[in-house]
Every structure is written in C-alpha cells, then in structure tokens.
Amino acid sequence: MKKIFIILFICFISFTSSAKPLIYLVKHQTLPAYEEAIEAITEELISTYDIEEIFIDRNNIASVTSIIKKARPKLTISVGTKATKLLQTKLKREPILFTMVFRPHRTEIVKSLKFPGKNATGVTLDIPLELQFETLRKVFPYWKRIGTLYTPYLDQDLIDEATAIAEKYDFVLLSREVYSKDQIQKQLETLFREQIQLLWSTADQKIYSKKSLQYILLSLNRFKVPYMGLSSSYLKLGAYISMDPDPTAIGKKTALMAHRMISKRQMPMITPVEFPDKVNYSINEKVMTQFGFRMGKDILDEAETIYK
C-alpha cells in the first residue's frame with residue numbers, strides 16, 4: 001500500500017510539474033489579418049504554454065469571462081478592439097494583453113501609451129511615424145512636398161512630431177488646420193497652391209471618414225494629387241498607396257511581450273504599449289495609370305498588393 005501511494009505521489013508531482021501554464025486567446029471577429037496574427041502567436045508560444053482559443057460577443061460575454069476567471073490563466077490575449085473592450089467590461093483585475101488594436105488610448109482601452117494605467121497593455125496597429133516616412137522615401141525617392149489636413153485639438157502633437165520626422169527624410173510636410181468639415185475644401189485648395197505631391201492622412205475620422213474622403217478624392221483627382229491611406233481598404237476608395245502593419249510580425253511581437261510579462265511578472269498598468277516594427281505597402285495600379293505616374297520595378301515587386 002505504501003509503495004502504491006509513493007508511485008501515485010510521484011506521478012502526481014510529475015504531472016503537475018510538466019503541466020504548461022495556460023493562456024487564453026480571445027477574438028470577436030474572424031478576419032484574415034487577425035488569423036495571421038493568431039497563427040504567429042500560437043506558433044511562438046505553443047511549446048511553452050497551453051493555448052485555449054475562445055470567441056466572445058455580447059451574448060456570451062458573461063460565460064466567457066466566468067470561464068477565464070475560474071481557469072485563472074497566466075494571461076489573456078485579446079485580438080482586436082472589440083474583443084478587448086468586451087473583456088474589459090467584466091475582467092477588471094485579470095491581466096489582458098491586446099493585439100491588433102488601433103489607437104488604444106483614443107478608445108480608452110489604456111489611459112496612455114507609456115503608462116496604460118489599467119489591466120491591459122499590448123501591441124497597437126499604429127504605424128510609427130519614423131517607419132511611415134522611411135517607407136514613403138523608399139517608394140517615392142524624388143518626391144519632396146507632402147500635405148496633410150488635421151484637427152489641432154486632436155493631433156497637434158502628432159503633426160509637430162511628423163513635421164520633424166518628415167524633414168529627417170528630406171520631405172516638407174505642409175499641414176493645414178481643419179476645425180469643421182466645411183473647411184476641408186478650402187484648406188485642400190491651399191495645399192494644391194503649395195504644389196503638394198501627396199496627401200498624407202492621419203487616423204482622424206473627423207476629416208478622413210469614408211464619407212468625407214469621397215469629396216477629398218474628387219478634388220485630388222482633379223489636381224492629380226495622390227492620396228496615402230492608412231490601410232489597404234483605402235485602395236478601393238481611390239488611394240494611390242496604403243500602409244499596413246505586418247500581422248505576422250505583430251503576432252510574433254505579441255508573443256514575445258506575453259512571454260516577457262509572464263516570466264518577469266510585469267503588470268499591464270505599467271507596461272508601455274508597443275508598436276509595429278514592420279510595414280507592408282500596397283499600390284493602386286489604376287491611379288498610377290490614371291495620373292501617368294511611373295514606379296520602379298523593384299518598388300512594385302516589393303509591394304504587398306497591386307490593386308488593379
């Protein structure tokens with residue numbers, strides 16, 4: 001009897017010591033970019049952690065968060081803004097690591113990017129300005145004058161930083177303030193008189209909403225000034241170039257952050273939000289032909305997508 005007890009005890013110790021820490025991976029939507037990020041996260045973490053993937057929506061939010069609370073995972077990774085916001089309504093103390101989230105400070109997922117101040121931190125979709133202008137210089141080696149419209153009380157600091165970084169890459173960033181939608185056309189015409197070669201957009205939906213963008217693009221087409229969108233979805237609307245963070249790279253960055261937070265017991269509230277370090281650009285061939293632009297074969301070959 002004593003031998004049996006010892007054997008069972010050894011088996012129990014062996015099982016508990018070999019059990020891998022648990023991570024929940026929570027999503028609200030099934031999108032190609034999300035799936036790429038999830039695949040990268042899983043590949044990076046599966047050898048060290050047990051990964052449980054779960055779907056969340058408004059109907060099952062109570063049951064999903066209850067499962068997570070009872071399981072007490074080392075970390076919960078949320079994919080996308082909606083999944084993160086849903087989790088935060090019920091999980092107030094449990095650590096959340098978000099990924100594929102755009103402007104988390106504007107959607108109140110975090111209080112600030114440097115000091116999140118809540119139970120969540122993660123990897124944002126916001127492409128660093130340095131990476132944006134570095135890519136623009138690579139794609140447009142001879143262009144100089146870039147224009148933009150912005151809302152001062154939202155993005156003045158962003159524009160000041162962008163102006164300095166643009167200069168570093170030998171661009172002149174000409175920015176014009178917009179306080180209301182009826183000022184957009186007038187400020188665009190000012191930029192046209194200043195002979196801008198590209199309109200660079202911020203994430204300001206007061207100016208660059210899809211409805212407003214229809215009228216902006218009509219004016220741009222008239223003056224043959226191309227538009228840069230912040231995602232490939234803008235190519236369908238008429239953007240000449242778009243930039244997207246690489247989902248696989250974001251997934252790997254998220255996995256690295258997860259492992260670091262677990263191993264070092266870092267608290268989300270004092271762990272700064274991280275940014276993409278790889279960007280993919282896409283080109284609209286229709287606009288290129290319509291405007292009579294030319295682009296080197298090497299630039300086109302490196303594009304993620306050629307929209308035709």
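Arg103 is buried in this predicted model, with a relative accessible area of 10%. The residue sits in the loop that runs between strand E4 (96–101) and strand E5 (120–124), and its phi is positive, about 45°, although Arg103 is not a glycine. Most residues other than glycine have a negative phi. The loop between E4 and E5 also holds Glu108, which is likewise not a glycine and has a positive phi of about 65°. Is Glu108 buried or exposed? At a relative accessibility of 56%, Glu108 counts as exposed, whereas Arg103 is buried.

Of the 308 residues in the chain, 49% are buried. When contacts between residues at least 6 apart in sequence are considered, 71% of them join residues that are at least 24 apart.

Although Ala255 and Ile41 are 214 residues apart along the chain, their C-alpha atoms are separated by 5.1 Å. Not counting residues up to four places away in sequence, Ala255 touches Glu44 and Leu45 as well as Ile41.

Helix H9 (residues 247–263) also has a part in the second largest pocket, where it gives the most to the lining, with three residues. This pocket has a volume of about 390 Å³ and is lined by 16 residues. Those that lie nearest its centre are Lys74, Pro95, Gln266, Met267 and Pro268.

Another helix, H7 (residues 184–193), has as its buried residues Ile184, Gln187, Leu188, Thr190, Leu191 and Phe192. An α-helix has 3.6 residues a turn, so residues three or four places apart point the same way. The buried residues of H7 pack against strand E6 (145–150), strand E7 (172–177) and strand E8 (198–200), and also against helix H8 (210–223). Just after H7, Gln195 takes a positive phi of about 60°.

The last stop is Arg137, which lies in helix H5 (residues 129–139). Arg137 is buried and yet has no salt bridge. What is the nearest side chain of opposite charge, and how many Å away is it? It is that of Asp170, at 4.6 Å, and a salt bridge needs a side-chain nitrogen of Lys or Arg within 4 Å of a carboxyl oxygen of Asp or Glu. The side chain of Arg137 does, however, reach the backbone oxygen of Tyr169 at 2.9 Å. Leaving aside neighbours within four places in sequence, the residues in contact with Arg137 are Tyr142, Trp143, Tyr169, Asp170 and Phe171, so that Asp170 counts as a contact, heavy atoms within 4.5 Å being enough for this, while Arg137 has no salt bridge.

Notes:
Residues are numbered from 1 along each chain as its sequence is written. This is a predicted model: local features need pLDDT of at least 70, side-chain atom pairs count only at pLDDT 80 or more; totals for chains, interfaces and linings use all residues. Side-chain values use heavy atoms; hydrogens and water are left out. Helices (H or I, at least four residues) and strands (E, at least two) are DSSP runs, numbered from the N terminus. Buried means under 20% relative accessible area, exposed over 50%, partly exposed in between (1.4 Å probe, protein chains only). Lys and Arg count as positive and Asp and Glu as negative; His and the chain ends are not counted. A polar contact is a pair of N or O atoms within 3.5 Å; within protein, one must be able to donate a hydrogen and the other to accept it, and residues adjacent in sequence count only if both atoms are side-chain atoms. On a 1 Å grid over the protein atoms alone, a cavity is a set of points where a 1.4 Å probe fits but cannot get out, and a pocket is an open set with protein on both sides within 12 Å along at least five of seven lines; lining residues have an atom within 4 Å of a point. Grid points are joined across faces, edges and corners, and a volume is the space filled by probe spheres set on the points.
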